[in-house]
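Hi,

Here's the structure I promised to pass along. Have a look, and my notes follow below.

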Amino acid sequence: MKNHFKIRKEFLVLLLSVFFVSCITNVEEDDFDEEEVIVDSCAEITFSQNIKPIIDAACIDCHGIGGNFPNLTSYSAISSNANSVKAEVVSRRMPKGISLTQSEIDAIVCWVESGALDN
């Protein structure tokens, strides 16, 4: 009888060990696929490299010194009117006489929504 009990005890210990080990290794992991990484394209948009050249090429003729309001010749003037600039280019009301590309519009939107930083 003792021998029979010993076998059951060992079997029970083995069974419990397998159960606990399976719980430890059966932890759900997030499926991470390198192709699914979302890159924030707005992080690459800077005022000096992306926004200022667009403003200079498309807006300064009308919104330069002595021109229409708002004056868009400096960072402080552009950033203080950033939401208006965004609204006008998204609606395609501005710039008059030329069309911005969708990537230029997207760059302005990204820059404004990221805080209109002087970067």
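Helix 5 (residues 82–90) and helix 6 (residues 102–113) have axes that come within 10 Å and cross at roughly 155°. Keep in mind that this is a predicted model. Angles over 145 degrees count as roughly antiparallel, so that is the label for helix 5 and helix 6. The crossing of helix 5 past helix 6 is left-handed.

As for who touches whom, helix 5 brings Ala82, Asn83, Val85, Lys86, Val89 and Val90, and these meet Ile105, Ile108, Val109, Trp111, Val112 and Glu113 of helix 6. Sorted by type, the residues of that contact come to 9 nonpolar, 1 polar and 2 charged.

Now for the rings. There are 2 aromatic pairs. One is phenylalanine 47 with tyrosine 75, an edge-to-face pair at 5.1 Å centre to centre and 80° between the planes. Phenylalanine 47 sits in helix 2 (residues 47–58) and tyrosine 75 in helix 4 (residues 75–80), so this pair ties together parts 28 residues apart in sequence. Phenylalanine 47 is buried, at 5% relative accessible area, while tyrosine 75 is partly exposed at 24%.

Phenylalanine 47 also pairs with tryptophan 111, this time tilted, with 5.5 Å centre to centre and 35° between the planes. That links distant parts of the chain, helix 2 and helix 6, with the two residues 64 apart. Tryptophan 111 is buried too, at 4% relative accessibility.

Cheers

Conventions. Residues numbered from 1 in each chain as written. Predicted model: local features only at pLDDT ≥ 70, side-chain atom pairs only at ≥ 80, totals over all residues. Heavy atoms only, no water. Axes fitted to C-alpha atoms, helices over the stretch in contact; angles between N-to-C directions. Helix = DSSP H or I, 4+ residues; strand = E, 2+ residues; numbered from the N terminus. Parallel < 35°, antiparallel > 145°, perpendicular 65-115°, else oblique. Left-handed = near helix turned anticlockwise from the far one by under 90°. Contact = heavy atoms within 4.5 Å. Nonpolar A, V, L, I, M, F, W, Y, C, P; charged D, E, K, R; others polar. Phe/Tyr/Trp six-rings, centres within 6.5 Å; stacked < 30°, edge-to-face > 60°. Buried < 20%, exposed > 50% of the residue type's maximum accessible area, 1.4 Å probe, protein only.
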